[in-house]
Amino acid sequence: METERARKYPFIPGTPALCIVGAVGNYVITDDGRRILDGAGGAVVNNIGYGRAEIADIAARAVSGSGYTLPTFATEARVRLIERLTDRWLPAGLTRCLFVSGGSESVDTAIRIARQHHEAKGNPNKWKVLGRSISYHGSTLASLSVGNHDRRRAGLGQWITDLPKIDVYDADLAAKVVEAEDPASIAAIIAEPVIGASGAAIVPPDDYWPALRRLCTDNDILLIADEVMTGFGRTGKKMGVDHWSVTPDLLVGAKGLAGGYAAIGGVFATDEVVEPLAEGSIMYFTFSGNDLACSIADRVLQIIEDEGLVGRSAALGDRLRALLEDRLGEHPNVADIRGLGLLQGVELVRDRATGESFDGQLAMPVVQQALKRDCWIYPAGSAGVPDGLLFGPAFTISEHELEVLVDVAAESIDAAVAQINS
Ligand SMILES: Cc1ncc(COP(=O)(O)O)c(C=O)c1O
């Protein structure tokens, strides 16, 4: 595509990073014929690889013979997806499903449900939703309010409600915030099982989620697991909370649900959460659960099941971790390597010995260096973790491709640090 035409794309005028003409397997193809190895499934979305003919078939069938159907009407595609999710994917106890079009919408909807649940039970003072000190839950105003991604909240002033935040590693500290805030004012706590975009794959201690679960149960607070990034096999289990055998009251998912082939998210809840709500009290979005998206999500999940891709995410996650440790474990600009399954993160610093940071100036240059070398790695970070890299490839990636990715990451860190220091 000519540069002049491509310049029409960015909303804020500038040059688009890349001009993409297609994608196949684990590669994205640019208009000048480059094949970019996708080490992050786009924005940690793609999980079954690109260009799957099975998905094209199902999409064609979904749109021929139907068009738009009001979200309140039952259709075969919607019910089939609910059956697959409740029978095979969600923690036992999550029986109610509501579809939306993405992650932010799912978080926003879960916040509404939590609030309306308490209101309907006669507890109108329970309104606060506590998020965590390092977190990202989306870019609607409510999801920005419960999250703590400083760069993404910047410039929004009074539109962001400053809700209390709890610690990401220590559930005892979380309990202290709950006590200080008054449990009678708290509707829900929301947390990512493994903290993605804002923290570069922070994994909590094993006792953290069970302790959060107890804290919520003891105080009539709903626990919302934000599995937008971690859900559907990404961490090597079906859901991130499965690592600690915890059932949240609400679980939200999006990215991996349809592997990027359709825009769909979901809010999944227990009977107890839904029971007090009056019929029709949760307003839908116009495009919620459209048949095209539901059919594609159902097929993507079936492919993951048939090809054993959750197990592959676990096994290849271990391999990726070993490669990262080997190449970057002693690197002077690497503070930590962490993650679960095929969601692995590298925390970058100016000086490993002192922990001094690059103040958010390193992650993007590293990603640009990697792109020059035909690899895509996702930049991560916010105030708590200023610079990080996220690795989240499709579960179909090969061991050799992982090796290439890690070699390129190591070269790119060196090149970006040299560039900044020169
Ligand atoms: C944990 C988490 N929650 C919510 C979101 C928002 O999802 P979306 O960008 O689909 O609105 C993201 C996106 O990165 C996320 O990682």
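Colleague: What is a cavity?

Modeller: A cavity is a set of grid points where a 1.4 Å probe fits but cannot get out. This model is predicted, and its largest cavity has a volume of about 40 Å³.

Colleague: How many cavities of 30 Å³ or more does a search of the whole structure find?

Modeller: The search finds one.

Colleague: Which residues line the largest cavity?

Modeller: A lining residue has an atom within 4 Å of a cavity point. Here the lining includes V44, V45 and N47. M229, G231, F232, R234, G256 and F395 also belong to the lining. By class, five residues are nonpolar, three are polar and one is charged.

Colleague: Why does the largest cavity lie between domain 1 and domain 2?

Modeller: Both domains give residues to its lining, so the cavity lies between them. Domain 1 covers 3-51 + 308-421, and domain 2 covers 54-306.

Colleague: Now the strands. Do β2 and β3 run parallel or antiparallel?

Modeller: Strands pair if there are at least two bridges between them. Strand β2 (residues 27-30) and strand β3 (residues 35-38) run antiparallel, joined by three bridges.

Colleague: What do β2 and β3 form?

Modeller: They form a hairpin, with four residues between the strands. Look at G33 in the turn: its phi is positive, about 85°.

Colleague: Which strand pairs with β3 in the parallel sense?

Modeller: That is β13 (residues 375-376), over two bridges. Find L37, which stands opposite C375 in β13.

Colleague: And the side chains along a strand?

Modeller: In a regular strand, they alternate between the two faces of the sheet.

Definitions and conventions. Residues numbered from 1 in each chain as written. Predicted model: local features only at pLDDT ≥ 70, side-chain atom pairs only at ≥ 80, totals over all residues. Heavy atoms only, no water. 1 Å grid on protein atoms, 1.4 Å probe; cavity = no way out; pocket = protein on both sides within 12 Å on 5 of 7 lines; lining within 4 Å. Points joined across faces, edges and corners; volume = space filled by probe spheres on them. Nonpolar A, V, L, I, M, F, W, Y, C, P; charged D, E, K, R; others polar. Domains from an automatic or database assignment.
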